[in-house]
Amino acid sequence: DLEYLRERVEAGNTYKGFFFKMADGIDVMELGDFKPIGTSTKPFYGSFDGNNVQFNIERESSDHYQGLFGYFGFGTIQNLSITGTIKGANHVGSVVGYKESGNIINVYNEAIIKGSNYVGGIVGYVCADGDNVPVTVENTSAGDIVWNDDSESIKAVPYIGGVAGYVTAGSFESNINSGALAINKPMDDLDWGGVIGASAVAVER
């Protein structure tokens, strides 16, 4: 039960070292206005195998860290797809809003992703530092992204990418973006890319 998992993570369980897998026989799961699993203060550090389930999310939010998982690290998220619409502020992606470390493998996005900064079709922000395990984003396919700044609150250059909005380090292999980037301001006012919006370092491919 994803709602129960979200509640337990919200209660302070990171589940680091734990593995979760969706049950067999589920093709589509309607999640509606689903609040993401994990926040910046209560992250999800476990592993999750979607078992090829399609998760349909319809979320319109002004909060940061939006996606199926809001804030994730250390484990592996794999074998799932996202449909619907996910809208947030900063750190918005279909699968993960903010990826502290860990792996994302074999995931697909057919949802429309809307956000203001650090917006990606799969993951909004990919972070890695010396204390964390290596970062991998592998075999993903992303959909449409709409950049919006309804509040005009963005003071820095926004980062928008078809797969990942911003990357500090990591390995990207076999990632495809077949969606469109809809941006309502001059391109020279933001960092954008079909796969990665911007990277602080060289990214292994």
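# A guided reading of the predicted fold

Ser-81 is buried, with a relative accessible area of 16%, where buried means under 20%, exposed over 50% and partly exposed in between, for a 1.4 Å probe and protein chains only. The model is predicted: local features need pLDDT of at least 70, side-chain atom pairs count only at pLDDT 80 or more, and totals for chains, interfaces and linings use all residues. Residues are numbered from 1 along each chain as its sequence is written, and side-chain values use heavy atoms, with hydrogens and water left out.

Ser-81 has its place in strand β5; helices (H or I, at least four residues) and strands (E, at least two) are DSSP runs numbered from the N terminus. When residues up to four places away in sequence are not counted, Ser-81 touches Val-53, Gln-54, Phe-55 and Tyr-108, a contact being heavy atoms within 4.5 Å. The C-alpha atoms of Ser-81 and Asn-52 are separated by 7.0 Å, although these residues are 29 apart along the chain. Asn-79 also lies in strand β5 and is buried at a relative accessible area of 18%. Its phi is positive, about 60°, although Asn-79 is not a glycine. Most residues other than glycine have a negative phi.

The chain as a whole comprises 1 helix and 20 strands. Of its 205 residues, 57% count as buried. Among the contacts with a separation of 6 or more, 83% come from residues 24 or more positions apart.

The helix, α1, spans residues 2-10. At its start, a side-chain oxygen of Asp-1 reaches to within 2.9 Å of the backbone nitrogen of Glu-3. Leu-2, Leu-5, Arg-6 and Val-9 are buried in α1. Seen down the helix axis, the buried residues fall within an arc of 100°, so they line one face of α1; the arc is that of the directions from the helix axis to the C-beta atoms. Their cover includes β1 (19-21), β2 (28-32) and β3. Just after α1, Gly-12 takes a positive phi of about 115°.

A nonpolar core is a set of buried Ala, Val, Leu, Ile, Met, Phe, Trp, Tyr and Cys residues joined through side-chain atoms within 4.5 Å. In the largest, which has 35 residues, Leu-2, Phe-55 and Leu-68 touch the most other members. At least two residues of this core come from each of α1, β3 (47-60), β4 (69-72), β5 (76-87), β8 (102-109), β11 and β15 (164-167). Leu-2 touches Met-22, Met-29, Leu-31, Phe-34, Ile-37, Phe-48, Phe-55 and Leu-68, not counting residues up to four places away in sequence. A second, separate core has 6 residues, including Tyr-98, Tyr-125, Tyr-159 and Tyr-166.

Tyr-98 and Tyr-125, in contrast, are stacked, at 4.9 Å centre to centre with 5° between the planes. Tyr-98 lies in strand β7 (residues 96-99) and Tyr-125 in strand β11 (residues 123-126), so this pair ties together parts that are 27 residues apart in sequence. Both Tyr-98 and Tyr-125 are buried. One aromatic cluster is formed by Tyr-15, Phe-18, Phe-20, Phe-44, Phe-48, Phe-55, Phe-69 and Phe-72.

Ser-61, in the loop between β3 and β4, counts as buried at 11% relative accessibility. Its side chain reaches the backbone nitrogen of Asp-63 at 2.9 Å. Leaving aside neighbours within four places in sequence, Ser-61 is in contact with Gln-66, Lys-87, Gly-88 and Ala-89.

Strand β6 (residues 90-92) holds Asn-90, which is buried with a relative accessible area of 18%. A polar atom of the Asn-90 side chain lies 3.5 Å from the backbone nitrogen of Asn-117. His-91 is found in strand β6 as well and is buried at 11% relative accessible area. Like Asn-79, His-91 has a positive phi of about 60° although it is not a glycine.

Notes: Rings of Phe, Tyr and Trp (its six-membered ring) pair if their centres lie within 6.5 Å; planes under 30 degrees apart count as stacked, over 60 as edge-to-face and the rest as tilted. A polar contact is a pair of N or O atoms within 3.5 Å; within protein, one must be able to donate a hydrogen and the other to accept it, and residues adjacent in sequence count only if both atoms are side-chain atoms.
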